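Let's walk through this model together, going from the inside of the fold to its charged pairs. Keep the structure open beside you as you read.

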Amino acid sequence: MRVVCRNIIAALEAKQADLNAQLSARGIFKDYEKADSLQTRAEEIEMLLLEKLERWEMLEGKQNGG
């Protein structure tokens with residue numbers, strides 16, 4: 001389970017980095033629909049990432065007797 005969780009977190013972090021790079025691109029906000037879509041997805045990824053990190057911490061705590 002921990003390996004799966006770690007892989008999901010890594011995938012979400014990679015997607016987050018990709019979205020942030022796209023949102024940082026020069027001229028992205030000239031295409032408002034695309035920028036809005038990317039921003040919405042970035043926010044969704046952020047929430048998913050936080051949920052998975054909380055789950056990871058809980059699993060680590062259980063493994064370490066917490």
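The buried residues of helix H1 are Cys-5, Ile-9, Leu-12, Gln-16, Leu-19 and Leu-23. Buried here means under 20% relative accessible area, exposed means over 50%, and partly exposed lies in between, using a 1.4 Å probe and protein chains only. Helices (H or I, at least four residues) and strands (E, at least two) are DSSP runs, numbered from the N terminus. What covers these buried residues of H1 includes H2. Contact, wherever the word comes up below, means heavy atoms within 4.5 Å.

A word on the source: this is a predicted model, in which local features need pLDDT of at least 70 and side-chain atom pairs count only at pLDDT 80 or more, while totals for chains, interfaces and linings use all residues. Residues are numbered from 1 along each chain as its sequence is written, and side-chain values use heavy atoms, with hydrogens and water left out.

H1 itself has 23 residues and reaches 32 Å from its first C-alpha to its last, close to the 33 Å expected at 1.5 Å a residue. That expected span is 1.5 Å times one less than the number of residues in the helix. H2 has 32 residues and covers 46 Å between its first and last C-alpha atoms, close to the expected 46 Å. Just after H2, Gly-65 takes a positive phi of about 85°.

Now look at H2 from the inside. Its buried residues are Ala-35, Leu-38, Ala-42, Ile-45, Leu-49 and Leu-59, and H1 is part of what covers them.

Which residues make up the largest nonpolar core? The core consists of Cys-5, Ile-9, Leu-12, Leu-19, Leu-23, Ile-28, Ala-35, Leu-38, Ala-42, Ile-45, Leu-49 and Leu-59, 12 residues in all. H1 and H2 each supply at least two residues of this core, and H2 gives the most, with six residues. A nonpolar core is a set of buried Ala, Val, Leu, Ile, Met, Phe, Trp, Tyr and Cys residues joined through side-chain atoms within 4.5 Å. In soluble globular proteins, nonpolar side chains tend to be buried together.

Gln-16 is worth a stop of its own. Gln-16 sits in helix H1 and counts as buried because its relative accessibility is 18%. Leaving out residues up to four places away in sequence, Gln-16 touches Ile-45, Glu-46 and Leu-49. The side chains of Gln-16 and Glu-46 also make a polar contact at 2.4 Å. A polar contact is a pair of N or O atoms within 3.5 Å; within protein, one must be able to donate a hydrogen and the other to accept it, and residues adjacent in sequence count only if both atoms are side-chain atoms.

Ile-8, also in helix H1, counts as partly exposed because its relative accessibility is 34%.

Setting aside residues up to four places away in sequence, Trp-56 touches Arg-2, Cys-5, Arg-6 and Ile-9. Leu-59, with neighbours within four places left aside, is in contact with Met-1, Arg-2 and Cys-5. By contrast, Trp-56 and Phe-29 are 27 residues apart in sequence and 35 Å apart in space, C-alpha to C-alpha.

How many salt bridges are there? The count comes to two, where a salt bridge is a side-chain nitrogen of Lys or Arg within 4 Å of a carboxyl oxygen of Asp or Glu. Side chains of opposite charge can pair when their charged atoms come close.

Asp-18 counts as partly exposed, at 35% relative accessibility, and Lys-15 is partly exposed with a relative accessible area of 35%.

The other pairs Arg-41 with Glu-44, with the closest N and O atoms 3.0 Å apart. Arg-41 and Glu-44 are three residues apart in helix H2 (residues 32–63), so about one helical turn separates them. Arg-41 is partly exposed at 35% relative accessibility, and Glu-44 is partly exposed at 38%.Finally, the record: an unreviewed UniProt entry carries the annotation "domain: ABC transporter Uup C-terminal" over residues 9–60. UniProt positions are given in the numbering used here, feature names are shortened, and annotations may be inferred rather than shown by experiment. Over residues 9–60 the chain is 87% helix and 0% strand, with the end C-alpha atoms 14 Å apart.
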